[in-house]
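Let's take a walk through a protein model together. Have the sequence and the 3D view ready, and follow along one stop at a time.

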Amino acid sequence: MANETIINFSDVTFEHGYGKEILHEVNFSIRSGMKIALMGQNGAGKSTLFKLMTGALIPQSGTIAIKKELNVATAHQVITPDEKNLFVTEFFQKAIENENVEEHDLNRRINKALNAVNLKIDTSKKISDFSGGQQARLLLAAALIQNPDILLLDEPTNNLDSDGIGHLMVFLMMYTKTVIVISHDADFLNTFTDGVLYLDTHTHKIEQYQGDYYDVVEQIKIRIEKENSKNARMAKEIQENKEKINFFAHKGGKMRLVAKKMQEKVDAYESEKIEVRKEDKTIRNFIIPTQKDLPSTVMTIDSFTIMKDQEEITKPTKVLLGKNDHLLIKGPNGIGKTTLIDRLANGLSKGAKISEGVNVGYYKQDFSTLNYDHTVHQSLVEAMLLSKTNGSEEHLRSVASGFLISKKLINTQIKDLSEGQKGLVSFARLVLQEPGLLILDEPTNHINFRHLPVIAKALSAYKGAMIMVSHVEEFVNQIRIDYQLDLEK
């Protein structure tokens with residue numbers, strides 16, 4: 001089956017409800033053993049494309065041909081709230097619920113999948129007991145236990161520390177079957193991919209390229225230059241002919257026939273002009289305003305709790321955060337960073353105290369601070385009401401526009417957004433909320449890498465107190481950090 005075409009999309013069109021086109025007459029094919037990156041703007045429909053490949057969604061027109069004997073499995077972006085209440089064994093049972101598997105064989109397959117993702121855990125615990133990084137590995141393991149011929153990975157590096165990403169890179173380089181990966185991490189993709197599918201949010205087409213991401217960027221650059229050059233030549237010809245048409249049209253007689261012929265030529269040139277490929281939009285530069293009446297001491301931390309050998313251990317420390325102080329919390333997956341930062345944000349950490357009157361802006365990695373039944377507009381209004389200044393509707397919509405929240409998107413329910421769009425809404429909320437203490441847990445998750453320098457610049461310039469957890473060193477290095485709290489040391 002080597003080099004055999006195993007996935008083929010032919011003139012596939014798909015819409016999410018009336019008028020929300022995701023794919024328009026899309027054509028592409030993938031051969032056995034290929035490792036492909038699926039890229040595109042936040043909200044373009046990449047996760048939707050995965051659902052079409054698994055048969056969870058059916059296109060309005062066109063055909064999707066995947067060899068029937070092949071098994072397709074997806075490692076999803078996030079674990080659902082219902083899945084978090086499952087025990088580990090139940091979580092894996094759900095992944096292979098269509099198979100009749102005896103208990104001893106299930107345990108053997110679970111151990112094999114966990115070894116593949118380099119995860120040693122107590123399988124008698126619930127999914128909610130594990131860190132974001134451990135949950136990311138569980139998502140991959142749940143896909144691998146299905147023994148897929150086609151492995152679909154949706155943002156697999158989210159929440160992984162450097163060791164986890166390194167192990168995943170090696171795993172994918174050694175993996176012999178077909179892999180399609182959605183990721184905004186170009187450096188990660190470049191280590192193992194040999195092709196790119198690019199979902200264009202403007203044309204709703206799939207562009208297929210050979211080579212890694214950086215090869216594709218260069219190919220796109222050359223293509224745009226050629227398209228612009230061709231259109232410039234056409235425009236020059238059109239203008240010259242229009243001037244001649246005006247001259248001959250006023251001469252009368254046979255000259256009018258010449259003008260008519262020349263007009264036909266101009267019309268032909270106009271039809272030959274091509275639409276230049278549009279680049280992904282990047283969010284506008286923004287500032288997160290700081291609460292006006294912020295006290296001199298915003299937060300004190302005298303002790304913190306970590307997880308070690310499945311037990312909670314409390315450690316003493318002395319952290320005093322004032323206005324304009326930025327703190328980075330570090331530590332490997334599973335040590336308890338997310339638990340600590342959640343307790344800090346909600347005032348539940350016994351060893352920490354937030355000063356009275358401080359407005360806390362909390363960016364949570366799983367977006368559970370958002371009300372999924374709200375529209376984007378309702379969510380932004382809610383955030384603006386948390387500020388101590390009165391914002392206007394005009395201000396709200398201006399902020400929304402800067403985060404690529406269009407007039408159409410602003411009336412969409414949060415639950416219908418992509419994970420990346422939820423991230424942009426969360427940042428828009430922080431701008432409108434005007435917090436005095438900013439707490440961020442993995443703010444790069446799901447976000448298009450084009451936006452990250454803009455976000456880093458805004459966080460670096462933030463004048464309130466800030467606490468952040470992030471495994472992405474390149475992102476952290478762009479932000480002013482005044483203090484570090486290493487939970488492992």
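**A lysine and its partners**

The side chain of Lys315 comes to 3.4 Å from the backbone oxygen of Leu487, a polar contact (N or O atoms within 3.5 Å, one able to donate a hydrogen and the other to accept it; residues adjacent in sequence count only if both atoms are side-chain atoms). This is a predicted model, where local features need pLDDT of at least 70 and side-chain atom pairs pLDDT 80 or more, while totals for chains, interfaces and linings use all residues. Residues are numbered from 1 along each chain as its sequence is written, and side-chain values use heavy atoms, leaving out hydrogens and water.

Lys315 sits in strand β11 (residues 311-322); strands are DSSP runs of E, at least two residues, and helices are runs of H or I, at least four, numbered from the N terminus. Along the chain, Lys315 and Leu487 are 172 residues apart, yet 8.8 Å separates their C-alpha atoms. Leaving aside neighbours within four places in sequence, Lys315 is in contact (heavy atoms within 4.5 Å) with residues including Asp302, Phe304 and Glu488.

Now look for Asp200, in the loop between β8 (195-199) and β9 (206-210). Is Asp200 buried or exposed? Asp200 counts as buried because its relative accessibility is 3%; the cut-offs are under 20% for buried and over 50% for exposed, with partly exposed in between (1.4 Å probe, protein chains only). A polar atom of its side chain lies 3.3 Å from the backbone nitrogen of Thr203.
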